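Please look at the sequence and the structure before reading on.

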Amino acid sequence: MSKQTFEKHESGLVQRLGPGTAFLLVVSSMVGSGVFKKVAPMSADTGTAVWILACWVLAGIVSWFGALSNAEVASQIAEPGGQYVYFKRIFGKPLAFLYGWTGFTVVQSATAASVAYVFSESVNSLFALPHLSLFGIENLSVKLLTVLVLWVITGINLRGVHQGERLSNVLTSLVILCIIGITILCFTYGKGEATHIALSETKSIAPGALFLGMMSAFWAYEGWNNLGFLAGEIKNPKKNIPLALAGGVGFVMLMYVAINASYLYVLPVEAFQKIHAEGNTIAAVSVVQSFLGPIGSSVIIVVILVATFGSTNNSIMSAARVYFAMARDGLFFKKVAHCDPVHNVPTYALLFQAVWASVLVFSGSFDQLTDMLIFAAFIFYGLGAAGLFVLRIREPHAPRGFKVPGYPVVPAVFVLFCLVLVMNSILERPKESGMGLLLMATGIPFYFWWTSSRGKHKKESA
């Protein structure tokens, strides 16, 4: 049998990922720990089952609007680095760099570190790890396992994108089957009551409470734009990326609403409020344990292990391509622009990312970083959708493989929501928002250093 050949992008990356893999990558980038945990804080924030489900639907629709807007831009600009490349073409290099730097220092690296940490905590709940502390670092054994997970997944991806692809496809398929299975079990064997989610129990809700509930849901939807980072390794990216984004986000929204409805069918809102107050229990574990007994805990924990390992793999595999694209433009460490000629992967981008994510593991600042993550991400989500208007005006006749249905309403609604979310975060959480902006600003001296160094190098060469 002849060996299959793939087109090679001019960067050295190989375009071997098909539409099915692209769809699963969108799903795996979102499905981590949030779908199993967030119903508890949402119960405390909103108070009724119907408003909880409304938060999942509304956050899903907003995310879907963002994905549709992103899909049109991706159908016109399909290069490694995703939004970094979009920003560079639409707004220029300074904003593009700031986006990539924020991803490295806060959003992407912190996501990989925190999701991997949830994986290690889940392992610890199944098999108690030795309690270690050193130099004031608590939970040292869990953190060491987290670092090991980060480096194991990085090692897998260093062997080629096909290795990360296979791992992602298997794990994501298992998670989808498990979520569907849990949903069916809850509705058929959960001994629940429809009155738990009856419309008659719906009470009015303050806008602020609804917003807080949606913020919890957004953590579970976070990551839908990661697929664009891999544009240099996706077959026919101008067609397959938009289809995967639109289909993947819509599919995840249906899964999230269904499984959360099944949770609320089994247990009343008051039970989830108690779980949130106690703070040490995963909501999905309590749900399944209520009708499967102790075995239910193990079942959910295993599913969380699979989901978080797969989500960490997706973050590591996709985000490294952003730093690779930045380095190719002279806006990151020079070595990061290297593409391994044998395995066709950005070797140093993966290694630099693993080092920084490992540092974040030992920093002990997970909660603060994840609080800042949504704030920082939505600044650039909104700018990305606003860029769609710029492209439509600046390049009205440019070929587009996909056009946003409902333009200009859909991207306008998304931009407006991003603006409201960012402003609300500044008002409600000024400390976290301020620190997020400060970390973003740390990239400014690096930008001037790299741009001045590049200019000096060009003069010397001349």
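What volume does the second largest cavity have? The second largest cavity has a volume of about 110 Å³. The model is a predicted one, in which local features need pLDDT of at least 70 and side-chain atom pairs count only at pLDDT 80 or more, while totals for chains, interfaces and linings use all residues. Residues are numbered from 1 along each chain as its sequence is written, and side-chain values use heavy atoms, with hydrogens and water left out.

**Cavities**

A cavity is a set of points, on a 1 Å grid over the protein atoms alone, where a 1.4 Å probe fits but cannot get out; lining residues have an atom within 4 Å of a point. Grid points are joined across faces, edges and corners, and the volume is the space filled by probe spheres set on the points. By this rule there are seven cavities of 30 Å³ or more.

The second largest cavity is lined by 15 residues, and Y99, G103, V107, Q108 and N225 are the closest to its centre. Two or more lining residues come from each of α6, α13 and α15 (366-394). Helices such as these are DSSP runs (H or I, at least four residues), numbered from the N terminus. With six residues, α6 gives the most to this lining. The lining of the second largest cavity divides into eight nonpolar, six polar and one charged residues. Here Ala, Val, Leu, Ile, Met, Phe, Trp, Tyr, Cys and Pro count as nonpolar, Asp, Glu, Lys and Arg as charged, and the others, Gly among them, as polar.

The largest cavity holds about 150 Å³ of space. It has 16 lining residues, of which S29, T111, W219, E222 and S311 are the closest to the centre. The elements that give two or more residues to this lining are α1 (19-30), α6 (93-126), α9 (207-221) and α13 (294-328). Helix α6 has the largest share of the lining of the largest cavity, four residues. By class, the lining of the largest cavity has five nonpolar, 10 polar and one charged residues.

**Helix packing**

Two helix pairs are set out below. Axes are lines fitted to C-alpha atoms, for helices over the stretch in contact, and angles run from 0 to 180 degrees between N-to-C directions.

| Pair | Angle | Axis separation |
|---|---|---|
| α8 (residues 161-189) and α10 (residues 237-266) | about 30° | 9 Å |
| α1 and α10 | about 45° | 8 Å |

Angles under 35 degrees count as roughly parallel, over 145 as roughly antiparallel, 65 to 115 as roughly perpendicular and the rest as oblique. At about 45°, α1 is therefore oblique to α10. At about 30°, α8 and α10 are therefore roughly parallel to each other.

The crossing of α8 and α10 is left-handed, that is, the near helix is turned anticlockwise from the far one by less than a right angle, whereas clockwise gives a right-handed crossing. Contact means heavy atoms within 4.5 Å. On the α8 side the contact includes I176, I179 and F187, and on the α10 side F251, M255 and Y265 are among the residues. The residues of this contact divide into 12 nonpolar, two polar and no charged.

The crossing of α1 and α10 is right-handed. Among the residues in contact are P19, F23 and M30 of α1 and N240, G247 and Y256 of α10. This contact of α1 with α10 has 13 nonpolar, three polar and no charged residues.

**Single residues**

R392 is placed in helix α15. Leaving out residues up to four places away in sequence, R392 touches E72, R400, K403, V404 and Y407. Y407 is joined to P408 by a cis peptide bond, with omega about 5°. P408 is in the loop between α15 and α16 (409-428).

K191 lies in the loop between α8 and α9. Although K191 is not a glycine, its phi is positive, about 55°.

Conventions. On a 1 Å grid over the protein atoms alone, a cavity is a set of points where a 1.4 Å probe fits but cannot get out, and a pocket is an open set with protein on both sides within 12 Å along at least five of seven lines; lining residues have an atom within 4 Å of a point.
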